[in-house]
Structures are given as structure tokens and as C-alpha cells.
Amino acid sequence: MKKTLIFILSIFLLAACSDKAEEATTDKSSSEPIPENSESETEDILDDSVVEEVEEKNNIDTSVFEYATNVEVTDGREFTQHITVAIDLAPDADPGMGTLNVLKQAYDFLQQEDIAGAETVTIYVRVNDIKVSQFKIYTSKFVPNDQEPMAKVVLKAADIEFLRPEVQEFGKVMELW
């Protein structure tokens with residue numbers, strides 16, 4: 001009986017001690033002030049030069065790709081001096097003609113100052129979520145020439161990295177490659 005009484009008392013003692021510990025932790029956390037205006041502190045931390053740098057990088061104009069339904073630009077100039085441009089055409093677009101149009105429009109795209117610092121630009125074309133062509137263009141080799149077809153000027157500065165069979169045939173017929 002003595003052992004049972006000691007056991008029950010020790011349980012009550014432990015329960016009472018744990019309640020006091022919880023109250024102490026609760027009191028501590030509730031007494032700490034919660035910052036009300038954490039957004040303004042975050043804004044103060046941001047450096048204006050960082051914000052300006054981000055705005056400059058996102059300034060690549062893709063409006064020249066007028067037949068595109070979507071254009072995605074990955075700007076890797078900071079680390080790789082490379083820009084990747086993914087161009088989606090309408091699902092019913094002809095892959096060969098679409099690629100030719102993109103090459104013609106790339107002529108103007110490559111002349112903009114917004115891509116300064118890029119040694120290479122990869123442009124790939126997708127039709128109905130399927131990649132149909134991909135070109136890696138070396139900006140140092142690109143020389144605008146209004147006396148030649150725009151697509152051929154772009155191709156002179158490019159490596160053809162990928163062509164689907166229908167685009168390959170189209171290019172042969174059009175004497176592009």
C-alpha cells in the first residue's frame with residue numbers, strides 16, 4: 001500500500017511540474033513582441049541596385065516573334081553568356097514554314113541591344129508541344145546583311161542542333177541547309 005501511495009504521489013508531482021514548465025514557456029513566448037511591420041523591414045533590406053539589375057535582365061524583347069503563341073526566355077548571361085529562347089507555335093502550324101518564319105524573325109531579335117553580353121543564343125521551335133527544330137547562334141558570327149535572305153544570314157552564324165524529318169525536308173527544298 002505504501003508503494004502504491006508513493007507511486008500515485010509521484011505521478012501527481014510530475015504532472016504538477018510539467019504544468020509549471022508549460023506555463024513558463026507559454027509566458028515567455030507570449031511576452032515576446034511580435035513584429036507588426038515585417039514587410040517594411042524586408043523592403044529596407046533589399047538593395048536598390050539588386051532590384052535594378054533584375055529589371056535589366058528581364059528586358060529582352062521577344063515581340064519580333066509575331067507568329068508565336070508563347071515565348072520563354074532563359075537568360076543565363078551572368079554565368080554562361082548564353083540565352084535560350086523557346087518558341088511555341090500554334091498547334092496547327094506547319095513545322096517547316098514555322099521554323100523558317102522564326103529564323104527570319106531571329107534576324108531582328110539578334111540585332112537588339114537587350115541581348116548584349118550573350119556569346120550564344122539557342123532558339124528552339126515547338127509545335128503542339130513537340131520540338132521541331134533547334135539552332136545555336138554565335139552572336140560574334142552574326143553579321144546583318146540586307147542583301148541576303150534573313151534566314152540564311154542567321155543560319156550562317158548558327159549550328160543546326162536538331163531538325164525533325166519534315167523540317168529537314170522543308171529546308172532542303174527551300175535550299176536552306
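**View 1. Three aromatic pairs turn up when the whole structure is searched.** Rings of Phe, Tyr and Trp (its six-membered ring) pair if their centres lie within 6.5 Å; planes under 30 degrees apart are stacked, over 60 edge-to-face and the rest tilted. Tyrosine 107 and phenylalanine 142 make an edge-to-face pair, because their planes meet at 75 degrees, with ring centres 5.8 Å apart. This is a predicted model, in which local features need pLDDT of at least 70 and side-chain atom pairs count only at pLDDT 80 or more, while totals for chains, interfaces and linings use all residues. Residues are numbered from 1 along each chain as its sequence is written, and side-chain values use heavy atoms, leaving out hydrogens and water.

**View 2. Phenylalanine 135 and tryptophan 177 form a tilted pair.** Here the centres are 6.2 Å apart and the planes are at 45 degrees. Phenylalanine 135 is buried at 2% relative accessible area, whereas tryptophan 177 is partly exposed at 27%. Buried means under 20% relative accessible area, exposed over 50%, and partly exposed in between (1.4 Å probe, protein chains only).

**View 3. Say hello to the neighbours of glutamate 148.** Its side chain joins that of asparagine 145 through a polar contact of 3.1 Å. A polar contact is a pair of N or O atoms within 3.5 Å; within protein, one must be able to donate a hydrogen and the other to accept it, and residues adjacent in sequence count only if both atoms are side-chain atoms. Leaving aside residues up to four places away in sequence, glutamate 148 touches Val153 and Lys156 (contact means heavy atoms within 4.5 Å). Glutamate 148 is partly exposed, at 26% relative accessible area.
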